[in-house]
Amino acid sequence: MPVFYKVDPSDVRHQSNNYAKAFKKHEKRFKEKVKTWKAALTEASNISGWDQLNIADGHEAELMKKIVDEVLKIVNQTCLQVAEHPIGLNSYIEPISHLLNDGGLNVVRIVGIYGPGGIGKTTIANAIFNDMFRNFEGSSFLANVREVSSEYNGVALLQKQLLSYV
């Protein structure tokens with residue numbers, strides 16, 4: 001995700017203005033490297049990134065926080081295991097995701113998935129979690145709640161696990 005800070009991406013793409021001057025200065029000394037640099041800058045400038053047009057006016061610290069938040073959404077993609085061949089899974093995920101997204105950001109939703117063992121409740125829950133967890137600052141998935149809570153100190157263990165993700 002390139003960041004074009006106080007730079008016009010088209011200047012980078014076309015190596016114009018200050019880029020043209022800098023390359024001209026270095027072409028004699030670094031002939032082959034300059035070709036590589038130009039190609040790399042052209043490729044980077046063609047990737048959608050952050051530039052003056054899509055960053056909010058504000059302090060540099062705010063800009064850095066926004067960039068870090070966006071990068072973390074991409075990097076922190078530890079997904080839960082879903083079935084190897086999830087045939088028909090989307091037909092369950094889409095309506096539940098729609099219900100969870102309905103009503104805006106400041107609405108709390110609780111979802112229960114129930115049914116007999118072995119029908120794919122955990123698989124559906126994992127897939128929904130994978131689909132949505134990047135939208136939040138923090139996320140937690142508590143698996144096997146019934147089994148863990150029935151153990152000695154199980155509820156406390158679940159609480160500890162939940163709070164350790166925050």
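Modeller: Two residues are in contact when they have heavy atoms within 4.5 Å. With neighbours within four places in sequence set aside, I93 is in contact with A127, I128 and D131. The model is a predicted one, in which local features need pLDDT of at least 70 and side-chain atom pairs count only at pLDDT 80 or more, while totals for chains, interfaces and linings use all residues. Residues are numbered from 1 along each chain as its sequence is written, and side-chain values use heavy atoms, with hydrogens and water left out.

The part to examine is helix α6, which spans residues 121–132. It belongs to a chain with eight helices and zero strands (DSSP runs of H or I with at least four residues, or of E with at least two, numbered from the N terminus). In sequence order the pattern reads α-α-α-α-α-α-α-α. Of the 166 residues in the chain, 19% are buried (under 20% relative accessible area, with exposed over 50% and partly exposed in between, for a 1.4 Å probe and protein chains only). Among contacts between residues at least 6 apart in sequence, 56% join residues at least 24 apart.

The largest nonpolar core has eight residues: V82, L89, I93, I96, I124, A127, I128 and M132 (buried Ala, Val, Leu, Ile, Met, Phe, Trp, Tyr and Cys residues joined through side-chain atoms within 4.5 Å). Helix α5, residues 90–101, and helix α6 each supply at least two of its members. The largest share belongs to α6, with four residues. I93, a member of this core, touches A127 and I128, and its contacts also include D131.

Leaving aside neighbours within four places in sequence, its contacts are L80, Q81, V82 and F141. N130 is also placed in α6, and its 11% relative accessibility means that this asparagine too counts as buried. With the corresponding neighbours set aside, N130 contacts C79, L80 and V82.

The structure holds two aromatic pairs (rings of Phe, Tyr and Trp, the latter by its six-membered ring, with centres within 6.5 Å; planes under 30 degrees apart are stacked, over 60 edge-to-face, the rest tilted). The pair of F30 and W37 is tilted, because the planes stand at 50 degrees, with ring centres 5.6 Å apart. F30 is partly exposed at 23% relative accessibility, and W37 is partly exposed with a relative accessible area of 35%. The pair of F129 and F141 is edge-to-face, with 5.5 Å from centre to centre and 65 degrees between the planes. F129 lies in α6 and F141 in the loop between α6 and α7 (145–149), so this pair ties together parts that are 12 residues apart in sequence. F129 and F141 are both buried.
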